[in-house]
Amino acid sequence: MNSEEISPFTGQVQLVLESARNAVTSGDVSAFFQVVEQLAEFRGYRLEDRTGNDMQALTYEFLRAVQQACTVLLSRQRGEFADATLPDVQPLPAVWERTGVPIHRKEKKPCLSDVTSLYAERLSIVGTKTQGTNISWWEKLVQFCKDKPLDEVSSNDIYLFLEHRLNDVVKPWSMDYEGKVISGLRVAFSLAQSRGLCQKNPAAELQMMPVISAAAEKKRRKPRKRYSLDQLNIIFASTWYDPSATNWRERMKWDLGARYWVPLLGLYHGFRIREALQLKVSDIVLGHCPLLTLQVDDSDDDDEERKEVSLPKRSLKNEATKRTIPVHPQLIKLGFVAFVQSAISNCGPGAPLFPSSLPERSSKKPKWGRAYEQRFVPFVRDILDFGAGYGNHSFRHTLEDQLRDAQLDEQWPPGLGQFYTGRTLPSEQDKRYFLPVGSERDYGDGYDPTRILKFVGRIEYQGIVLPKPFAEWLGGRSPVAAELVNILDEEWGGEWRQAN
């Protein structure tokens with residue numbers, strides 16, 4: 001402390017000492033009750049008797065300690081040697097027991113944030129694909145309610161939270177979306193109930209949801225639109241399908257296989273974007289009828305005898321998503337088989353079919369195909385100026401329209417359309433076209449993929465101008481540039497090409 005700081009500090013200490021002495025002289029120490037309570041709270045205790053003789057006695061003990069401490073500090077400020085042994089300035093349990101003040105250790109009530117890790121664990125076990133989204137909802141509720149104790153959260157808090165999100169200035173929710181949110185919150189509170197953290201489920205007690213106008217709701221919905229024939233031809237003629245284009249950077253510049261094949265897999269197989277980008281070379285079985293399998297990793301991570309390198313876990317939307325289907329004849333004509341054969345030779349059967357989809361090894365939340373998604377969606381939305389609602393999923397909607405049209409010429413066997421696209425049941429608009437399938441869909445492994453090829457081959461797009469066959473399109477370039485291989489080798493030690 002320099003000379004300029006000494007005088008103000010001395011004055012502050014003198015004021016505290018004078019206040020303490022005046023309180024003792026007058027016998028009215030109530031002005032210090034709040035300070036004593038706060039110190040008790042700080043030490044984790046609750047005072048049962050906040051008035052009366054007990055509180056008076058405890059406050060006198062506190063003021064005695066304050067006076068002694070101030071006396072020592074003032075001596076020091078005058079440059080005098082003073083005994084540094086101070087009494088307990090904070091009210092300790094021993095002091096409270098001496099004064100006879102009844103006290104109880106405060107028990108921390110479970111708060112909203114105590115559920116976050118439990119909820120994340122639950123979602124990871126049951127394989128919820130929207131784990132990150134659900135946790136985000138919960139964390140937003142924690143922040144809105146200022147992490148209050150669970151048993152103090154009311155249905156009104158939930159209502160106000162949803163209303164706040166509906167009227168958010170930056171990213172307002174729609175009423176349709178808030179319905180999904182409330183479902184997730186009910187699960188989280190039910191989990192907290194089951195674990196003994198709270199006695200009620202305020203999300204389940206909510207009797208009415210906040211609403212917005214029909215016009216606002218329509219504006220906030222994010223419809224997924226199908227591509228028209230003209231839009232498909234624009235995509236295939238764009239710089240996305242120009243292997244020499246210079247506007248692409250890093251992974252999308254280096255993984256020409258992904259740029260070429262992923263949109264086509266969506267168009268002819270209706271793959272959800274993660275289904276295509278999680279494919280491994282081993283998922284394609286070549287032969288008289290090339291087959292393509294969509295699956296997850298069933299290997300046991302706890303097997304101590306496993307020596308192979310494991311790539312990040314793959315996940316699918318639901319059980320119906322798992323399927324083995326024949327590769328569409330049009331893809332074979334474009335050179336898909338040769339592409340897979342080159343991937344086997346260059347990378348190995350356990351490697352990703354599209355190496356750019358492999359997440360960074362250091363990522364805390366690895367997500368297959370992030371590099372692709374971050375480039376393709378803004379490209380069609382903004383660069384090609386298709387607008388909102390267009391992206392990777394638009395190929396799936398385009399195929400489903402094509403499947404519906406195919407039913408006009410020849411109705412497919414029950415459940416075949418759903419099996420091919422990985423749906424549990426047909427959508428509402430498709431029910432009059434697709435033959436119904438019952439509980440038998442839950443038995444066996446579905447259709448023999450080699451026997452549905454004749455139906456798959458009828459999926460055609462009249463008037464479409466497809467890109468050149470893959471080998472010709474490459475023009476002598478490598479499907480996967482050495483730069484990308486080097487990056488993955490550096491991250492994964494080269495073992496990613498032979499990983500399981």
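## Close-up views of a predicted model

A search of the whole structure finds 32 aromatic pairs. Rings of Phe, Tyr and Trp (for Trp, the six-membered ring) pair if their centres lie within 6.5 Å; planes under 30 degrees apart count as stacked, over 60 as edge-to-face and the rest as tilted. The model is predicted: local features need pLDDT of at least 70, side-chain atom pairs count only at pLDDT 80 or more, and totals for chains, interfaces and linings use all residues. Residues are numbered from 1 along each chain as its sequence is written, and side-chain values use heavy atoms, with hydrogens and water left out.

**View 1. Overall content of the protein.** The protein has 22 helices and five strands. Helices (H or I, at least four residues) and strands (E, at least two) are DSSP runs, numbered from the N terminus. Of the 500 residues, 44% count as buried. Buried means under 20% relative accessible area, exposed over 50%, and partly exposed in between (1.4 Å probe, protein chains only). Among contacts with a separation of 6 or more, 72% come from residues 24 or more positions apart. Contact means heavy atoms within 4.5 Å.

**View 2. The pair Trp240 and Tyr372.** Trp240 and Tyr372 form an aromatic pair that is edge-to-face, with 5.2 Å centre to centre and 85° between the planes. Trp240 lies in the loop between helix H11 (229–236) and helix H12 (250–254), and Tyr372 in helix H17 (residues 370–383), so the pair ties together parts that are 132 residues apart in sequence. Both Trp240 and Tyr372 are buried. Ring pairs link Trp240 and Tyr372 into a cluster with Tyr227, Trp248, Phe376, Phe379, Phe386, Tyr390 and Phe395.

**View 3. The pair Trp261 and Phe470.** Which class of aromatic pair do Trp261 and Phe470 form? The pair is tilted: 5.5 Å centre to centre, 50° between the planes. Trp261 sits in helix H13 and Phe470 in helix H21 (residues 470–474), so this pair links distant parts of the chain, 209 residues apart. Trp261 has a relative accessible area of 0% and is therefore buried. Phe470 counts as buried because its relative accessibility is 4%.

View 4. Helix H13 covers residues 256–269. At 1.5 Å a residue, its 14 residues should span 20 Å; the end C-alpha atoms are 20 Å apart, which agrees. The expected span is 1.5 Å times one less than the number of residues. H13 is mostly covered: 14 of its 14 residues are buried. Just after H13, Gly270 takes a positive phi of about 70°.

View 5. Rolling a probe the size of a water molecule over the atoms shows where empty space is left. On a 1 Å grid over the protein atoms alone, a cavity is a set of points where a 1.4 Å probe fits but cannot get out; lining residues have an atom within 4 Å of a point. Grid points are joined across faces, edges and corners, and a volume is the space filled by probe spheres set on the points. The count comes to two cavities of 30 Å³ or more. The largest share, three residues, comes from H13. By class, the lining has seven nonpolar, two polar and no charged residues. Ala, Val, Leu, Ile, Met, Phe, Trp, Tyr, Cys and Pro count as nonpolar, Asp, Glu, Lys and Arg as charged, and the others, Gly among them, as polar.

**View 6. Surroundings of Ile325.** Ile325 is placed in strand S5 (residues 323–326). Its relative accessibility is 0%, so Ile325 counts as buried. Leaving aside neighbours within four places in sequence, Ile325 is in contact with His269, Phe271, Pro290, Leu291, Leu292, Phe419, Tyr420 and Pro449. Ile325 and His269 are 56 residues apart in sequence and 8.9 Å apart in space, C-alpha to C-alpha.

View 7. Lys146, in the loop between H6 and H7, has a phi near 55°, a positive value in a residue other than glycine. Lys146 is exposed, with a relative accessible area of 73%. Glu250 is found in helix H12, and its phi is near 45°, also positive in a residue other than glycine. Glu250 is exposed at a relative accessible area of 52%.

How values were computed: 1 Å grid on protein atoms, 1.4 Å probe; cavity = no way out; pocket = protein on both sides within 12 Å on 5 of 7 lines; lining within 4 Å.
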